[in-house]
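Okay, thanks for having me, everyone. Let me put the structure up and then talk you through a few spots in it.

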Amino acid sequence: METRSIRGFHDVLPEDAKRWHRVEETAKAVFELHGFSELRMPVLEFTEIFARSLGTTTDIVEKEMYTFADRDGSSLTLRPEGTAGVARSYIENSMWAKSPVTKIYYTGMMFRHERPQKGRYRGFYQIGAELLGPEEPASDAELISMVWNILEGTGITKYLTLEISSLGDGICRPQYKEKLVAFFAPERERLCEDCQRRLETNPLRILDCKVKGCSEIASRAPRMIDSLCADCASHFAEVREALDSAGVPYVVNPGIVRGLDYYTRTVFEITTGELGSQNAVAAGGRYDGLVEELGGPRTPAVGFAMGMERLILLHQAAFPEGFGREISVFIAHMGEEARKRAFRLASELRGLGISTEMEYGGKSLKSQLKRADKSGARLTLIIGEDEIRRGVVKVRDMDTGKEDETTEINPGLEIAGRLGGK
Ligand SMILES: [Zn+2]
Ligand SMILES: [Zn+2]
C-alpha cells in the first residue's frame, strides 16, 4: 500500500495551523460585528439540492461534483459550495418564519473534481456568509464591505482588487440572453464545441469560456450592464453609493459572469495578481430566486465565499515570518523527584492559563534544553536535585539567556507574574 493523500487533497500541517486560525478568527470577529451567526452543515446533501441551485448546465454540476449512490440508491453529493446547503437548511428549519433577516456564516471543506493547480484543490476550505431576507441595496453593500473588512483585517488588501457588476434580474436578463443569442448565432461556427451547445442551453456561459477564439468573440458581445432594466440599474447605483459611503474601494467590471446560474443583480469578485491564473480570492453576489427554486418562500438573498488556501498563500506573502511562539514555558528536570515536581508545576501553570510543556522521560539535561530552545518557550524552568532540596525552581529567560531562581513559596504565580511583565 502506498501511503499518500488523494490527488487534489491536502493536509493543513500543525506548523501552518496558526496562520489558518489567524485568518479564521479575523473572519469570525468581523462576522460577529455584523450580527452573523454560524451554521454548521453536513458535507453531504442530496444531489438534487446542488443540481437545482447551481443549474444543471454549469461546469460544477456537469463535470466537477463528487456524486455517488447511497446504499438505498439515492444520489448524494459532497458539497461543491456552501450556499445551496444554507438555502436548504433555511427552508428546512423555517428560518424565514423566525426573522425577516437571517445572517449566517459557515466554514468548512468543499469538494470539486477540478484539475489541481497552485492554490486550487479538489478538497478545499471556504469561509462564506449569506444574508437572507432583504433585497435592498444596503444589504448588498453591507455584505461586500464585510468581506472587504475581513480581508483588511488579515492584512492582505494591498494584493487585492474588488470588482463589482450587475447581472440583472428575471426581467432584463432574458432580454439580454436573446441579445446574446442574436450576437453569437452568426459566429456559431467559430465557437468551441461546448459553446455551440451553450448557445442553446445557456448563452451566458459563453462569456465565461476560456477558449481563446470564444473569449475573443465574447469581448465584442453586448454587455449585461448596458442592458439593465430601470429597477436593476437604480439598485446597482445604490449599491455603489453605499460602498462609496463606507469607503470600500472597488471598480466596476462588466465582464464578471460568475460560474453559477443562481446569481441575480449584484455580483462581485475579489482578485489578486499574485497567484498567477488562480486570481479569485473571494466572490459572491445576490441570488433572489434560489430559496424559492428549492421550494421555500420568495426570499431575496446575497452571499459570498472565499477560498482559504489562496488567502493563506497571500497571507504567507504578507507575513512570511509566521506567527509567534508555540508555548510560554518549558520545564526540564533531572531525577525522579524532580520529574514529579515538574508534572505538578506544569498542571498548575496550565491551570493559570500558561501554555506549558515538559520532558516526559529521563533525557539528559542537554537534550531537554535543546528541545526547550526549539519549542520557542519564553522561559525554561529547570528542576534538579539541588532545586528540590532548596525548594526553588531555576528560571532561564530564553531571550536573554539570564538565569535566576524563584523566590516565592508558590512558583506558579511568580512565573505567571514574570511572563506578564515581559
Ligand atoms: Zn467556448
Ligand atoms: Zn432588471
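So, what arrangement do the 4 donor atoms around the zinc ion (ligand 2) make? The angles they subtend run from 92 to 123 degrees, which makes it tetrahedral; for four donors, that label requires all angles to lie between 85 and 135 degrees.

Quick housekeeping. This is a predicted model, where local features need pLDDT of at least 70 and side-chain atom pairs count only at pLDDT 80 or more, while totals for chains, interfaces and linings use all residues. Residues are numbered from 1 along each chain as its sequence is written, chains are lettered from A and ligands numbered from 1 in the order in which they are written, and side-chain values use heavy atoms, with hydrogens and water left out.

Back to the zinc ion (ligand 2). Its protein donors are Asp169 through OD, plus Cys172, Cys229 and Cys232 through SG, and they sit 2.2 to 2.3 Å from it. Donors here are N, O and S atoms within 2.8 Å of the metal (3.2 Å for Na, K and Ca), and water is not among the atoms, so sites may look incomplete. Along the sequence, the spacing reads D-x2-C-x56-C-x2-C. Cysteine 172 belongs to helix H7 (residues 172-184) and cysteine 232 to helix H10 (residues 230-245), so that pair ties together parts 60 residues apart in sequence. Helices are DSSP runs of H or I, at least four residues, numbered from the N terminus. Cysteine 172 and cysteine 232 are both buried, meaning under 20% relative accessible area with a 1.4 Å probe, protein chains only.

Next, aspartate 140, in helix H6 (residues 137-153). Aspartate 140 is buried, at 0% relative accessible area. Its side chain makes polar contacts with the side chains of threonine 266, at 2.7 Å, and arginine 286, also at 2.7 Å. A polar contact is a pair of N or O atoms within 3.5 Å; within protein, one must be able to donate a hydrogen and the other to accept it, and residues adjacent in sequence count only if both atoms are side-chain atoms.

Now the packing. The largest nonpolar core has 62 residues, and Phe31, Leu160, Leu162, Phe184 and Phe304 have the most contacts inside it. By nonpolar core I mean buried Ala, Val, Leu, Ile, Met, Phe, Trp, Tyr and Cys residues joined through side-chain atoms within 4.5 Å. H6 gives the most to this core, with 8 residues. Apart from it lies another core of 31 residues, including Ile91 and Tyr106.

Methods:
Four donors count as tetrahedral if all angles lie between 85 and 135 degrees; four count as square planar and six as octahedral if opposite donors are over 155 degrees apart and all others between 65 and 115; anything else is irregular. Helices (H or I, at least four residues) and strands (E, at least two) are DSSP runs, numbered from the N terminus. Buried means under 20% relative accessible area, exposed over 50%, partly exposed in between (1.4 Å probe, protein chains only).
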